[in-house]
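Hi there,

Here is the structure I promised to pass on to you. Have a look at it first, and then read my notes below.

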Protein chains: 2
Amino acid sequence: MALQPVLIAGAWRHSKNPVGSFSAVNPTTKTPLPEQYPVSGLEDIELALQAGQGAVAELRSADSPAALVQFLDGFAKQIEARTDVLVETAVLETALPAEPRLRSVELPRTTNQLRQAAVAVRDGSWRRATIDTGSNIRSMYGPLGGPVVVLGPNNFPFAFNSVAGGDFAAAIAAGNPVIAKANPGHPGTTRILAEAAFAAVQASGLPLGMVQLIYHTPPEVGLNLVSEARIGATAFTGSKTAGLALKAAADKAGKPIYLEMSSVNPVFILPGAIRERGAAIAGELYASCSLGAGQFCTKPGIVILQQDENSEEFVTAVQSHFEQNAPGTLLNQAGPTGIAEAIATLQEHGAEIVTGGYEVAEPRFAFANTLLQVLGGRFLAHPHELQTEAFGPVSLLVIAKDITQMAEVAAQLEGNLTGTIYSHSQDADDTAYAQIEPVLRGKVGRLLNDKMPTGVAVVPAMNHGGPFPATGHPGFTAVGIPASLLRFAALHGYDNVRHHRLPPELQDKNPNGRMWRFIDGSWTQEDAGK
Amino acid sequence: MALQPVLIAGAWRHSKNPVGSFSAVNPTTKTPLPEQYPVSGLEDIELALQAGQGAVAELRSADSPAALVQFLDGFAKQIEARTDVLVETAVLETALPAEPRLRSVELPRTTNQLRQAAVAVRDGSWRRATIDTGSNIRSMYGPLGGPVVVLGPNNFPFAFNSVAGGDFAAAIAAGNPVIAKANPGHPGTTRILAEAAFAAVQASGLPLGMVQLIYHTPPEVGLNLVSEARIGATAFTGSKTAGLALKAAADKAGKPIYLEMSSVNPVFILPGAIRERGAAIAGELYASCSLGAGQFCTKPGIVILQQDENSEEFVTAVQSHFEQNAPGTLLNQAGPTGIAEAIATLQEHGAEIVTGGYEVAEPRFAFANTLLQVLGGRFLAHPHELQTEAFGPVSLLVIAKDITQMAEVAAQLEGNLTGTIYSHSQDADDTAYAQIEPVLRGKVGRLLNDKMPTGVAVVPAMNHGGPFPATGHPGFTAVGIPASLLRFAALHGYDNVRHHRLPPELQDKNPNGRMWRFIDGSWTQEDAGK
């Protein structure tokens, strides 16, 4: 069967000397799907880099804000027009539920992100234009000068897709072409999204090389790509192993790389909360752990509580939820295999299985809902190993002897995307909160109270980031517009540049009347020099 | 002679098992100065890390904004009280002129930076507090959770000093303790600044471990320090060789590192500008190249012009300035040695000496003012080697055959801090400008018109940064408050956190009535939820 074409240099074309081929696997049957996709080698990469650089040069002279807005809005519409086939294909490739997950949650979220990115481009405030009229020095964020490489994860076929998701939207909105590498778990979904994107590119007047897609590469070709002098930056969401290899290559070349890697998302449940509403929290915990079959980067993988007269009942309640529900279908064979390995590591270091712990013997990829527990003292003896992420419906309860030990556990945490504290609705847990929160704050990107971390709202204040190794840099977020655009931007200063040569965003007159600019120390929508 | 004490863990104390000692050298006589300073090993580092982490923990519970403001303002006063001895010591150690450079320019700039940092802390707008009232998600920049390591350069003993300069001020203002490593070229100046800092710390109520100082380390100890899990980040200004080694170590550990490394600061002088005011530009070029004996990170190291009926006269005028003035004294023996090596590299690849090219035979460290030239075609054949930085009064003229070739030279430039275009005061050079500027824009942090790049104003819009290898990340600036603080900050998100538990900056009420916050999509100084 013929290989599906790649999208390079403004055309769907045969991969040039592909180094192999692959197909997606239906997770519910473990059988390969019919379409064959190429594994690209260096020749496809070289063409894509040239076309990406060509697009950068074309963009410099284009009326890019208007074209970018048209593209982003148009792409959202093109996606909506393909809703049925997208959902159908994604179900086949990922086994995620069509409803509500794919059709009613993730697809609207994806188009919403694109439209928010369009608003950010139109508005321009994301550039943080800064004008000092006294010295006539001006600066703002601009594009990186090279295409952004986006490598998306397997667990969100739409919203984090390399050719349609949050990183894609942010990179494009900041004015950079994108070279997308599909996640090989859902190439068909990605192909349809890229067709939608390319249709929108053609209608927008943007350079045709603005959006490119390859499906897969051998690891060494991926390392070559992210360390190429001609790229602007890389965005990666996926495993820590792959992420760290890409980071090493990009770092060595001085190329920015933004990584979203592993996170165990600690949840501290204080004694007053368990006493007050333990049953409800047990239900919330299970619901959060089983969302997407536990394959969320914000899944609560470690739950810390104090051993007392209520904790045993709480554990039993959680166990009951884990046992009474069938586990979801995992994305691929790496799911059950990786979970089993992670659980083995946890067990080797003292964690005991409360329930689950085995791959489900069914025709689909699945692993039993699994709850483990370990005493706080034991955790403190092997904190690194006991933070091993199991990417599935698995959580580890850490039973501390007292609040001080809970704080000691917090102090041993590695960098995480989120950290959560449940406390009594009145002030019964305030002392404990004050002991734990300052320690936890520095370990996580987003600190939550009284709710599970799996929901990631796409709002300006969202922080979907965190200290290493959750990400590669603690100052950036992958979700939340306009902040997510800043990852794909360079700071452009202008010193004594003649007024008519300045980009419109830095000229005295506010170019659209509503762009927020930081002029002489104040944020304003007014013109400069007034 | 006894070794000078280091400042670690809140006290001036003997270095613990130093691995060596050193003294500064008077550049005007090439003779060592009397004071002996320790080379610290891992034991000093360990103590400093513990104390730095202790300071982080203490800060969490302190009323830190007020104490930080008191420290920064107090430190500026403490420096002013020591003006005479600082200038005297810096003259001995660096041979930079007391007037106007050290006393009337660099010292006031240093205290000004500290006071601007104090204003930024008091004001709080640097945190870019973002509040979404609908979702009750809030975020802002906060400290990194570990001390910041600052390694300062040799060429600005005050304004970029590791214990008093811009990086120091930014790291402290963002709420981080600092572990400063002196530049071994001016340990005495650094000691006095650290005494001033420590006096200010003691008067401020900040943790005593907020400011620490060691003087020197073997390279492997430095690499160990910047990759330590307990630090927050590193700021380095210095050579590319040292910077890349530190970057590799920090990157591997996932620790942010901000580097300001080499930059040749290309200056494009368009034909109309030479025709119109060539003699004046020749004078400006010499003045900029010889500032601080050419030891500025923004010195124009490459000047690109078009060969025509006026270019020869311009080169002669520049040559005349270079020949008629005595070269300044260089900071150390590495100065003339490094310059000679760089010039040899330039010559090997086709550059010819117009004037200079030799170390001055005097008791002081000095190298003749040196002008080189190379044809554009030759430059394009060896663009990498011909961008070798010579850190001294040296500049390379690139003589292009036409504007297209000037643009081709621009396309081959590596990342630089600055890029400059001189053009005719009317529109005679507009076509050439339009051809070169878009290419140059992406290669530099700060783009200038009609002025030399050596002045770096400390204003909010300043960008003293640029693409790799000028720095390690194109999105940050080392100069300009409040933007420079963002390097030493982590993004802290709060999701559904109870209102009274939020930091004051994220509560509904504006904590000081003047902090700019991004609330529901608009920048405002009002309270939230109004």
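**What I found**

Ser139(A) stands opposite Gly493(A), which lies in β21(A). The two strands behind this pair are β8 (residues 137-142) and β21 (residues 490-495) of chain A, which run antiparallel and are joined by 6 bridges. Strands are DSSP runs of E with at least two residues, helices are runs of H or I with at least four, and both are numbered from the N terminus. Two strands pair if DSSP finds at least two bridges between them. As background, strands of a sheet pair through backbone hydrogen bonds, either parallel or antiparallel.

Before going on, a word on how to read all this. This is a predicted model, in which local features need pLDDT of at least 70 and side-chain atom pairs count only at pLDDT 80 or more, while totals for chains, interfaces and linings use all residues. Residues are numbered from 1 along each chain as its sequence is written, and chains are lettered from A and ligands numbered from 1 in the order in which they are written.

**The sheets that cross between chains**

Which strands make up the sheet that holds β8(A) and β21(A)? It is an open sheet of 12 strands with mixed pairing, in the order β23(A)-β22(A)-β7(A)-β8(A)-β21(A)-β20(B)-β19(B)-β14(B)-β15(B)-β18(B)-β17(B)-β16(B). At its edges are β23 (522-524) of chain A and β16 (352-355) of chain B, each of which pairs on one side only. Neighbouring strands in this sheet are turned by 20° against each other on average, direction ignored; the angles are taken between the N-to-C directions of lines fitted to C-alpha atoms, and run from 0 to 180 degrees (for helices, the line covers the stretch in contact).

The place to look for the crossing is β21(A), which pairs in the parallel sense with β20 (residues 444-449) of chain B over 3 bridges. There, Tyr494(A) has Leu447(B) in β20(B) as its bridge partner.

Another open sheet, also of 12 strands and with mixed pairing, has the order β16(A)-β17(A)-β18(A)-β15(A)-β14(A)-β19(A)-β20(A)-β21(B)-β8(B)-β7(B)-β22(B)-β23(B). Its edge strands are β16 (352-355) of chain A and β23 (522-524) of chain B. Next, β17(A) runs parallel to β18 (residues 394-400) of chain A, with 6 bridges between them, and here Leu371(A) stands opposite Ser395(A).

Is β17 (residues 370-375) of chain A mostly covered or mostly open? It is mostly covered, with 5 of its 6 residues buried. A residue is buried if 20 or more other C-beta atoms, placed from the backbone, lie within 10 Å of its own, exposed if 12 or fewer do, and partly exposed in between.

Further along, β19 (residues 416-422) and β20 (residues 444-449) of chain A pair in the parallel sense over 5 bridges. One of the bridge pairs there is Ile421(A) with Asn449(A).

**How the two chains meet**

Chain A can be laid on chain B by a turn of 180° and a shift of 0.0 Å along the axis, giving an RMSD of 0.0 Å. The two copies are thus related as by a two-fold rotation axis. The superposition is by least squares on the C-alpha atoms of residues with pLDDT of at least 70 in both copies.

In all, 54 residues of chain A are in contact with 54 residues of chain B, where contact means that the C-beta atoms, placed from the backbone, lie within 7 Å. Which element of chain A gives the most to this side? It is β21(A), with 6 residues. By class, the chain A side has 26 nonpolar, 18 polar and 10 charged residues. Here Ala, Val, Leu, Ile, Met, Phe, Trp, Tyr, Cys and Pro count as nonpolar, Asp, Glu, Lys and Arg as charged, and the others, Gly among them, as polar.

Val458(A) counts as partly exposed because it has 19 C-beta neighbours inside 10 Å. Val479(A) is 21 residues away from Val458(A) in sequence, yet their C-alpha atoms are 6.1 Å apart.

Enjoy exploring!

Conventions:
Contact = placed C-beta atoms within 7 Å.
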